Amino acid sequence: MSACRKTVPMNIYFVRHTNYINPENIYAFHLPMELSVEGIAHANRIGNWFSENKIINIPLYTSPIKRCIQSSEIIVQHTQSSISIDERLIETSCAELQGTIQPQENAWILEEDNPSRETREHVLERVLDFYSEKVKENKDCIAVSHGDAITLLYYYLNNIKLPKYLWGPDNIENIINRGEIVKIEVNNEKLHSISRIKV
């Protein structure tokens, strides 16, 4: 009888990009928005956190959207990581609303009800595909992505029922905030723990 194959415990660090410049409060989606001064400082704090915890020289994967790439470029100054773009980490798409001004009230309802918006199922499918691939590779890594992708994965891995409106104020405790780190520990290709880290 052959011995059971054991794998080394590994961690995937999902990081939501930091704040970006948006004075008109438009729906950004895939637009190339630049990080704000606050966002740059926050990305540096994230990089410092990785460095202080000796999480260095591991691959970093990022959404191709500018705010994620900029966040990633700052983080790797501290971690000496290599950056790879992965389309599966991209922001949700919504052609009809992208670039339009958000209403002052209930902006999340207009957004989530829009028929041109990429479905939750598709967003989860692609980020879950990325997650499953990295689990099988069994190597620590960092993934810089967006609110929808990381929050949907967080709900899925914690087996939490999705609300009708993901971004409604009643669900604020389960929303992954800008600059937040979600540490996912995996052992023998099975989820061991999930923790949220605010830097």
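**Exercise 1. In which order do the six strands of the open sheet stand, and what pairing do they show?**

Before starting, note that this is a predicted model, in which local features need pLDDT of at least 70 and side-chain atom pairs count only at pLDDT 80 or more, while totals for chains, interfaces and linings use all residues. Residues are numbered from 1 along each chain as its sequence is written, and side-chain values use heavy atoms, with hydrogens and water left out.

*Solution.* Step one is to read off the strands, which are DSSP runs (E, at least two residues), just as helices are runs of H or I with at least four residues, both numbered from the N terminus. Two strands pair if DSSP finds at least two bridges between them, and the order is then E3-E2-E4-E1-E5-E6, with mixed pairing. Step two is to look at the edges, where E3 (83–85) and E6 (190–197) each have a single partner strand, so one side of each is left without a neighbour in the sheet. Step three turns to one pair: E1 (residues 10–16) and E5 run antiparallel and are joined by six bridges, and Tyr13 stands opposite Lys183 in E5.

**Exercise 2. Describe how helices H4 and H5 are placed relative to each other.**

*Solution.* The axes of H4 (residues 120–137) and H5 come within 9 Å and cross at roughly 80°. Angles of 65 to 115 degrees count as roughly perpendicular, under 35 as roughly parallel, over 145 as roughly antiparallel and the rest as oblique; H4 and H5 are therefore roughly perpendicular to each other. Next, list contacts (heavy atoms within 4.5 Å): among the residues that meet are Val123 and Leu124 in H4, and Leu152 and Leu153 in H5.

**Exercise 3. Which residues line the largest cavity, and which class do they belong to?**

*Solution.* On a 1 Å grid over the protein atoms alone, a cavity is a set of points where a 1.4 Å probe fits but cannot get out, and lining residues have an atom within 4 Å of a point. The lining consists of Phe14, Ile150, Leu153, Tyr154, Leu157, Val182, Ile184 and Ile194. H5 gives the largest share, four residues. Finally, sort by class, where Ala, Val, Leu, Ile, Met, Phe, Trp, Tyr, Cys and Pro count as nonpolar, Asp, Glu, Lys and Arg as charged, and the others, Gly among them, as polar: the lining has eight nonpolar, no polar and no charged residues.

Technical notes: Axes are lines fitted to C-alpha atoms, for helices over the stretch in contact, and angles run from 0 to 180 degrees between N-to-C directions. On a 1 Å grid over the protein atoms alone, a cavity is a set of points where a 1.4 Å probe fits but cannot get out, and a pocket is an open set with protein on both sides within 12 Å along at least five of seven lines; lining residues have an atom within 4 Å of a point.
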